[in-house]
Structures are given as structure tokens and as C-alpha cells.
Amino acid sequence: MKKILVFFLCLCILTQPVFASAEADALRQTAQGVVSISGTDKILKSETLFPAGTSASDWLAMAYALAGLDADFAAYSRRLEKYVRNAYKQDGGFGENNATRWHRIALTAAALGKDPTAFGADLIADGTYNFAGDWTAQGVNACIFALITLDSKPYTIPADSRYTREDLLQCILQAQNTDGGFGLGRDSSDADITAMAVQALSAHTDRQDAAQAVENALEYLAENMGAFGDFPSQSSETISQVIIALCAVGLDPQTAPRFAEGDVNLLQALEKYRLPDGSFAHTLQDSSGNLIATQQAMLAQIAVQKLRTDGTRLYDFSQIEPAEESVFQNPLLWAGIGVFFASFGASFYIMRRKKHHV
């Protein structure tokens with residue numbers, strides 16, 4: 001019986017889809033690209049190279065955590081929480097016109113296994129349902145990432161909150177242009193914002209209005225996709241965002257109707273931007289890798305992997321377990337140990353001197 005079970009398990013492993021190893025290979029290549037750009041394989045360890053609280057570093061930390069790649073997450077988490085505490089101490093937060101900074105940091109903290117509601121502050125309350133600033137300062141983008149953040153885990157919105165999920169949904173739905181797309185301004189759609197809107201609405205397609213908005217947005221994206229899988233912005237980041245959007249609604253970017261015809265699909269289109277060192281360029285004309293383009297490509301690759309393995313969205317963090325930081329990684333512990341040995345040494349020295357004089 002045991003031999004049969006072992007044979008069955010081996011057979012299951014050997015017959016996994018070919019794309020499983022292809023995804024892992026793609027992620028490893030992209031990680032090597034990050035090393036090439038940053039000039040170190042000690043990812044997230046250095047504050048100088050990876051300053052916590054910046055867009056490039058936060059998204060990179062999130063991507064590495066979701067991909068299960070090796071990085072100094074404990075050190076980065078401590079620096080990021082310190083950044084939050086300092087921002088609140090100095091400015092009361094991140095400003096009334098910068099809601100998405102709350103969202104980015106909350107998503108990063110959650111991806112690292114931390115609690116965004118107690119991460120130097122309650123980032124969920126202050127950045128989403130009790131946001132005190134101006135939602136319109138960042139266009140629909142603020143509502144998009146507020147909803148993505150709220151749906152990343154089963155956060156509860158208090159009855160007396162300023163905003164609800166419904167408010168955020170309506171904010172997004174009402175921003176859709178007549179061509180089906182979304183943009184930072186009315187009647188000026190672009191593929192990036194449209195893809196992000198689809199990502200936000202993807203958790204609500206059980207509603208007819210959200211489902212129709214998603215369908216209209218997908219039609220806009222399909223109509224604006226070029227013959228080689230590119231979009232008017234001519235950037236790899238746009239392709240990455242569209243890949244994440246398709247995965248969020250259960251469409252494989254390698255085979256999805258309207259987005260994959262013949263030998264052309266979005267995964268192949270993204271690979272055109274990969275450089276020999278494994279990194280991704282911002283545009284096809286660039287000869288050097290771009291960190292933001294590379295981490296967004298990594299997030300797109302993770303979205304494909306999640307879709308193909310368990311069918312979950314990129315920003316579904318409900319299964320992420322709380323991080324257990326070793327006590328030996330805590331700098332306060334080492335400081336305490338240092339104080340103990342310093343005190344012990346001083347006491348021993350004094351006792352020796354007293355004994356010598358007796």
C-alpha cells in the first residue's frame with residue numbers, strides 16, 4: 001500500500017503542468033535582475049539601498065514576500081514600522097492628499113505577516129474607512145487602492161466609520177468613462193488605471209453593476225491592446241498591471257480570449273522587456289533595468305502563479321500567517337544582552353579590585 005501511495009505522489013509531481021516550473025524559473029530570473037540593479041544579493045537588508053516607506057522598496061518587499069523569495073523581511077519590517085511611527089510623530093500621518101501611501105504600506109505590512117491595524121498606527125482605519133483627507137487629490141486611484149486594501153484581508157469596518165466599502169465601490173463605478181476605461185481625469189482613460197480598477201472591482205463581481213463595469217473595462221483594454229501585446233503607454237509596467245487584472249478576474253493572460261491570439265499573448269509581451277541580466281526595462285528603448293518595472297513584473301508573475309495554483313487574487317492575503325520573528329533578530333534583545341554583560345564586567349572588575357586591596 002505504501003509503495004502505491006509513493007508511486008501516486010511521484011506521478012502527481014511529475015505530471016504537474018509545465019508552466020509551474022516555467023513560473024518558478026521566471027521568478028528566479030527576475031530576482032536575479034533585482035540583484036543586478038541593486039548591486040547586492042542581501043535584499044531589503046540595507047536602509048541605504050532599500051529605504052523603507054518608499055514606493056520601490058515597499059512593492060519590492062511585498063513581491064519578495066509573496067513569491068517566497070529569500071530577503072531580510074524582519075529588518076525591513078522594523079524599519080518600515082519605524083518609518084510609520086516617525087511620520088505620525090512629525091506630521092500626523094502621510095498627509096491629506098496621499099491616501100495611497102497608507103494603502104501601499106498597509107499592503108506591504110500584511111504581505112510581511114504584520115498587522116496593518118497595529119503597525120505604528122492603524123493604517124487600515126486612517127487610510128481607508130476613516131480617511132480624513134481628500135479622496136479626489138489622487139483621482140480614482142485612492143478609491144481603487146483603498147478598496148484593494150480593505151479586501152486584502154477580512155477587515156471589519158465599524159458602523160460609525162466615515163466611509164464604507166459601498167462608498168468606495170461607488171467612487172470607482174462612477175469614475176468609469178463612456179469608453180469603458182478609467183483614468184486620473186474624466187474622459188481620459190488609460191490602460192494602467194483601468195487595469196487597477198479591474199483589480200479593485202474583481203472581489204465584487206457577484207454584483208451586477210461591478211461585473212458589468214469589469215466587462216466594459218476589459219473590452220476597453222482589449223481594444224487598446226496592440227498587435228504585439230503592448231498598450232499606448234509602451235511600458236512594461238502597463239502590461240504587468242493588465243496581467244494582474246486578468247488574473248484577478250480568473251483569466252489566464254496566456255490563453256484569455258481577446259488577449260491571446262496565435263503566438264501573441266501578454267506573458268510573451270512582458271518578456272520582450274526583459275534584459276539579459278534578468279531585470280525588466282521601463283520601455284523597449286531602455287538598455288538598463290528599472291527597479292519599479294522589475295518588481296511590477298514580479299508581481300505579475302506571482303499573480304499568474306496564484307491563479308494557476310489556487311485561483312486566488314494577487315492581493316488576497318487572507319492565508320498569510322503572522323510572521324514569527326526570532327527573538328535573536330530583535331535589536332532590543334541584543335542591546336539588553338550588551339547592557340547585562342557590560343554591567344557584569346564592571347561588577348567583576350570592582351570585586352577584583354576590592355579583593356586586591358583587602
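Visitor: What relative accessible area does tyrosine 163 have?
Guide: Tyrosine 163 comes out at 23%, so this residue is partly exposed. The scale runs from buried (under 20% relative accessible area) through partly exposed to exposed (over 50%), using a 1.4 Å probe and protein chains only. Tryptophan 135, at 10%, is buried.

Visitor: What should I know about the model and the numbering?
Guide: The model is predicted: local features need pLDDT of at least 70 and side-chain atom pairs 80 or more, while totals for chains, interfaces and linings use all residues. Numbering starts from 1 along each chain as its sequence is written, and side-chain values use heavy atoms, without hydrogens and water.

Visitor: How many aromatic pairs are there?
Guide: Rings of Phe, Tyr and Trp (its six-membered ring) pair when their centres lie within 6.5 Å; planes under 30 degrees apart are stacked, over 60 edge-to-face, the rest tilted. The count here is 9. Among them is tyrosine 88 with phenylalanine 94, an edge-to-face pair with centres 6.1 Å apart and planes at 80°. Tyrosine 88 is partly exposed at 21%, whereas phenylalanine 94 is buried at 7%. Tryptophan 135 and tyrosine 163 are edge-to-face too, since their planes stand at 80°, with centres 5.3 Å apart. This pair links distant parts of the chain, 28 residues apart: tryptophan 135 in the loop between helix H6 (123–129) and H7, tyrosine 163 in the loop between H7 and H8. (Helices are DSSP runs of H or I, at least four residues, numbered from the N terminus.)

Visitor: Which residues do ring pairs link into a cluster?
Guide: Tyr83, Tyr88, Phe94, Trp102, Phe131, Trp135 and Tyr163.

Visitor: At what angle do H4 and H5 cross?
Guide: Packed helices are described by the angle and the distance between their axes. Axes are fitted to C-alpha atoms over the stretch in contact, with angles from 0 to 180 degrees between N-to-C directions. H4 (residues 73–91) and H5 (residues 99–111) cross at roughly 150°, their axes coming within 11 Å. They are therefore roughly antiparallel (over 145 degrees; under 35 is roughly parallel, 65 to 115 roughly perpendicular, the rest oblique). In contact (heavy atoms within 4.5 Å), H4 brings Tyr76, Leu80, Tyr83, Val84 and Tyr88, and H5 brings Arg101, Trp102, Ile105 and Thr108.

Visitor: How do H7 and H8 pack?
Guide: H7 (residues 141–152) meets H8 (residues 165–173) at about 140°, axes 9 Å apart. The two are therefore oblique. The contact residues include Leu147 and Leu150 of H7, and Leu168 and Ile172 of H8.
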